[in-house]
Amino acid sequence: MSEFLVPPASRADIKSLARAVRKKLDLDQESYFPVVEVIEKVLPFLSSGFDYEIVEDIDMGRDEANYNPTTNVMKIRNSVYEGACCGNGRDRFTLAHEIGHFFMHRDVDLALSRIDERNDVPAYRKSEWQANTFASALMMPDHIIKNWEPEEIARFCGASMSAAEIAYKKR
């Protein structure tokens, strides 16, 4: 997984973007965000050049999925796609993460912005932190989970227990 330097975005800004996406899709009050359907049906509508590919696991290397803003193509490991289709929380989060890259980084030139591990870059400038923050807000928005325990968050939002526990603590 490569880490890229991107324009700064606060947690509040990213949560606001995720909520705006939910509202635009008329899903603001739904606890379960349909990540697979959004990738298959909504993203191609929003961006005429967008495409996604389901790739054999062995051909994905260490990546579970990735979105390339230059080609506007999302590649998804077959096992992750099937897991997300079956409601696996971790796989659903992976796809929500890639949706985050689509919305936040599709117009960012990443060619010269690779982060050297030796550099001390704040989290809010890192592409992976931003995409994880977006995925959490998209799948488990504060206004829906505000009175729920982690078990309820995981069940109703279709998230893994570990993601639900983190969202519970950060709401």
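Let's start with the buried residues of helix α1. They are I14, A18, V21 and R22. Buried means under 20% relative accessible area, exposed means over 50%, and partly exposed lies in between, with a 1.4 Å probe and protein chains only. Seen down the axis of α1, these buried residues fall within an arc of 100°, so they line one face of the helix. That arc is taken from the directions from the helix axis to the C-beta atoms. Here is the general rule: an α-helix has 3.6 residues a turn, so residues three or four places apart point the same way.

Before going on, a word on the source. This is a predicted model, where local features need pLDDT of at least 70, side-chain atom pairs count only at pLDDT 80 or more, and totals for chains, interfaces and linings use all residues. Residues are numbered from 1 along each chain as its sequence is written, and side-chain values use heavy atoms, with hydrogens and water left out.

Back to α1. On its other side, A12, D13, K23 and K24 are exposed. What do the buried residues of α1 pack against? They pack against α4 (89-105), α5 (127-139) and α6 (142-145). Contact here means heavy atoms within 4.5 Å. Now the length of α1. Its 14 residues, 11-24, should span 20 Å at 1.5 Å a residue, and the end C-alpha atoms are 20 Å apart, which agrees. The expected span is 1.5 Å times one less than the number of residues. After α1 comes D26, with a positive phi near 60°.

Next, the whole chain. It has eight helices and three strands. Helices (H or I, at least four residues) and strands (E, at least two) are DSSP runs, numbered from the N terminus. The order along the sequence is α-α-β-β-β-α-α-α-α-α-α. For 171 residues, a compact globule would have a radius of gyration near 16 Å; this chain has 15 Å, which agrees. The radius is taken over C-alpha atoms, and the globule rule is 2.2 Å times the number of residues to the power 0.38. Of the 171 residues, 46% count as buried.

On to helix α2, residues 35-46. Its buried residues are V35, V36, V38, I39, V42 and L43. Their cover includes β1 (51-55), β3 (73-77), α3 (78-85) and α4.

Now charges. How many salt bridges does the structure hold? Three. A salt bridge is a side-chain nitrogen of Lys or Arg within 4 Å of a carboxyl oxygen of Asp or Glu.

One joins D142 and K15, at 2.8 Å, N to O. D142 lies in helix α6 and K15 in helix α1, so the pair ties together parts that are 127 residues apart in sequence. D142 is partly exposed at 28% relative accessibility, and K15 is partly exposed at 23%.

Another joins R19 and D28, at 2.9 Å, N to O. R19 is partly exposed at 30%, whereas D28 is buried at 11%.

Then there is E64 with R90, at 2.7 Å, N to O. E64 sits in the loop between β1 and β2 (65-68), R90 in helix α4, 26 residues apart.

Last, D91, also in helix α4. D91 is buried yet has no salt bridge. The nearest side chain of opposite charge, R90, is 4.9 Å away. For charge, Lys and Arg count as positive, Asp and Glu as negative; His and the chain ends are not counted. Leaving out residues up to four places away in sequence, D91 touches S79, V80, G83 and A84.
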